[in-house]
Amino acid sequence: MDRSTPASLYSAQFMDHIAHPDYKYKMDNPTYTHYGVNPSCGDELTFSVKIGDDGRIEEAAYQGHGCAVSQASADMMSDLMVDKTPQEAIELCKLFGRMVRGEETDDSKLAALDEAASLKDVSHMPARVKCAELAWRTLEEMLENGSSEPGATATASCTMPPHTHDEE
């Protein structure tokens, strides 16, 4: 197998998130919605969250298209964010970013990412890092810059340096 695509990345768990995503749907009445795109490769998604009365994320969903890495990452992230506070979600997004960029390798810290920690091998595939990060950056931007009005839509591009999926 090509060294740039570690076999451990494309596990049965990873493939299940692509074939049977639990969180890929249009959410009714989201608290926040945010658009993220990497225009150079075509990965794009719209991420939505519903914040409950207790201030925690009670529902997370996304729509969009892209490569397997971006789609599986978005589904794993959505699952992880349910029941988190916005601040906890932001910290998890930052941790994920450090992991896929190879800046954080401590498995005890990465355990907080639950099954998304299985994407740590992306750090060895520079062209895939931007794909894996798209959903996480989109959520982080949304929660850091979200509107204070429930139901408002904050739309902005989460653009990253160019790459193509041919670099896999």
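**Close-up views of the predicted chain**

View A. S73 counts as buried, with a relative accessibility of 0%; here buried means under 20% relative accessible area, exposed over 50%, and partly exposed in between (1.4 Å probe, protein chains only). The model is predicted, so local features need a pLDDT of at least 70 and side-chain atom pairs count only at pLDDT 80 or more, whereas totals for chains, interfaces and linings use all residues. Residues are numbered from 1 along each chain as its sequence is written, and side-chain values use heavy atoms, with hydrogens and water left out. Leaving aside residues up to four places away in sequence, S73 touches F96, L119, A132 and W136, a contact being heavy atoms within 4.5 Å. Between S73 and W136, which are 63 residues apart along the chain, the C-alpha atoms are separated by 8.2 Å.

**View B. Packing of helix α2 against helix α3.** Two packed helices are described by the angle between their axes and the distance between the axes. The axes of α2 (residues 68–81) and α3 come within 11 Å and cross at roughly 145°. Axes are lines fitted to C-alpha atoms, for helices over the stretch in contact, and angles run from 0 to 180 degrees between N-to-C directions. The crossing of α2 with α3 is right-handed; a crossing is left-handed if the near helix is turned anticlockwise from the far one by less than a right angle, and right-handed if clockwise. On the α2 side the contact is made by S73, L80 and M81, and on the α3 side by A89, L92, C93 and F96. By class, this contact of α2 with α3 has six nonpolar residues, one polar residue and no charged residues. Ala, Val, Leu, Ile, Met, Phe, Trp, Tyr, Cys and Pro count as nonpolar, Asp, Glu, Lys and Arg as charged, and the others, Gly among them, as polar. C93 counts as buried, at 3% relative accessibility.

**View C. Salt bridges of K94 with E140 and with E144.** A salt bridge is a side-chain nitrogen of Lys or Arg within 4 Å of a carboxyl oxygen of Asp or Glu, and by this rule the count comes to nine. In the bridge between K94 and E140, the closest N and O atoms are 2.9 Å apart. This pair links distant parts of the chain, with K94 in helix α3 (residues 86–100) and E140 in helix α5 (residues 126–145), 46 residues apart. K94 is partly exposed, with a relative accessible area of 30%, while E140 counts as buried at 15% relative accessibility. E144 also bridges to K94, and here the closest N and O atoms are 3.4 Å apart. That pair likewise links distant parts of the chain, E144 lying in α5 and K94 in α3, 50 residues apart. E144 is partly exposed, with a relative accessible area of 44%.

**View D. The salt bridge between E59 and K50.** The closest N and O atoms of E59 and K50 are 3.4 Å apart. E59 is partly exposed, with a relative accessible area of 21%.

**View E. The cysteine pair C131 and C67.** A disulfide is a covalent bond between the sulfur atoms of two cysteines. The criterion applied is a pair of cysteine sulfur atoms within 2.5 Å, and a search of the whole structure finds zero disulfides. For C131, the closest cysteine sulfur is that of C67, at 3.6 Å, which is too far for a bond. C131 counts as buried, at 0% relative accessibility.

**View F. Positive phi values at D83 and D114.** Most residues other than glycine have a negative phi, and most peptide bonds are trans. D83 has a positive phi near 80° and is found in the loop between α2 and α3. At 54% relative accessibility, D83 counts as exposed. The phi of D114 is positive as well, near 55°; D114 lies in the loop between α4 (107–110) and α5.

**View G. The chain as a whole, with five helices and three strands.** Along the sequence these elements follow the pattern α-β-β-β-α-α-α-α. Of the 168 residues in the chain, 47% are buried. Among contacts in the chain with a separation of 6 or more, 64% are accounted for by residues 24 or more positions apart.

Note on methods: Helices (H or I, at least four residues) and strands (E, at least two) are DSSP runs, numbered from the N terminus.
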